[in-house]
Amino acid sequence: MKDQDPKNTNIEYRKVYLSDLNALIRIYNDKQNQPSAPQLTAHFGLPLTVAIDNKVVIGFAFASFNDLDELMLGCHCVNDDVAIGDTLKLKAEKTLHTTFSGLSENHSPLKNSIDHLLSWLNTCTV
């Protein structure tokens, strides 16, 4: 389901599609100041929600784990717009909890999903 930002009617939010992954990797690498990273790391996380402006992906929110092994939601946007980032994280949180039931007791399914995605992306982009 697509939702529009009431402040900017051009921006839509939706779940991540497979076809979005190249754009997400580009945004991530730009934010890491790396034109092309040889390998994605766990910091890339599991993308959950994208922001789209005029049919162009401009940001995404993801779930990952910090150094203390705590679940966190983050986002990367091309223009570092705080309002877009906050909306992305809110929508990602809903997607996260509907996709991974029982997440508060067991992080293993999410960690496995992140690991599998990264392994697949790193294999496909070599």
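**Rings, a helix face and a core**

Colleague: Is Asn54 buried or exposed?
Modeller: Asn54 counts as exposed, because its relative accessibility is 57%. The cut-offs are under 20% relative accessible area for buried, over 50% for exposed and partly exposed in between, with a 1.4 Å probe and protein chains only.

Colleague: Before we go on, what sort of model is this?
Modeller: This is a predicted model, where local features need pLDDT of at least 70 and side-chain atom pairs count only at pLDDT 80 or more, while totals for chains, interfaces and linings use all residues. Residues are numbered from 1 along each chain as its sequence is written, and side-chain values use heavy atoms, with hydrogens and water left out.

Colleague: OK, back to Asn54. Where does it lie?
Modeller: Asn54 is in the loop between S3 and strand S4 (56–65). Helices (H or I, at least four residues) and strands (E, at least two) are DSSP runs numbered from the N terminus. Phi of Asn54 is near 50 degrees, a positive value in a residue other than glycine.

Colleague: And what about phi of Asp69?
Modeller: Asp69 has a positive phi too, near 65 degrees, and is not glycine either. Asp69 lies in the loop between S4 and strand S5 (71–77), and counts as partly exposed because its relative accessibility is 42%.

Colleague: Switching to rings: how many aromatic pairs are there?
Modeller: Three aromatic pairs. Rings of Phe, Tyr and Trp (its six-membered ring) pair if their centres lie within 6.5 Å; planes under 30 degrees apart are stacked, over 60 edge-to-face and the rest tilted. One of the pairs is Tyr28 with Phe44, edge-to-face at 5.2 Å centre to centre and 85 degrees between the planes.

Colleague: Where do Tyr28 and Phe44 sit in the chain?
Modeller: Tyr28 is in helix H1 (residues 21–31) and Phe44 in the loop between H1 and strand S3 (46–53), 16 residues apart, so the pair links distant parts of the chain. Both Tyr28 and Phe44 are buried.

Colleague: Why is the Phe60 and Phe62 pair called tilted?
Modeller: Because the planes are at 50 degrees, with the ring centres 6.0 Å apart.

Colleague: Which charge sits over the ring of Phe65?
Modeller: The charged end of Lys111 does, 5.0 Å from the ring centre. The rule is NZ of Lys or CZ of Arg within 6 Å of the ring centre and within 35 degrees of the ring normal. Arg14 also lies over the face of Tyr17, at 3.8 Å from the ring centre.

Colleague: Now helix H3. Which of its residues are buried?
Modeller: Leu110, Ile114, Leu117, Leu118, Leu121 and Asn122. Seen down the axis of H3, they fall within an arc of 125 degrees (taken from the directions from the axis to the C-beta atoms), so they line one face of the helix. The face turned away carries the exposed residues His116 and Thr123.

Colleague: What do the buried residues of H3 pack against?
Modeller: H1, S3, S4, S5 and helix H2 (82–99), with contact meaning heavy atoms within 4.5 Å.

Colleague: Last one: which residues touch the most other members of the largest nonpolar core?
Modeller: Phe44, Phe60, Ile84 and Leu110, out of 34 residues. Such a core is a set of buried Ala, Val, Leu, Ile, Met, Phe, Trp, Tyr and Cys residues joined through side-chain atoms within 4.5 Å.
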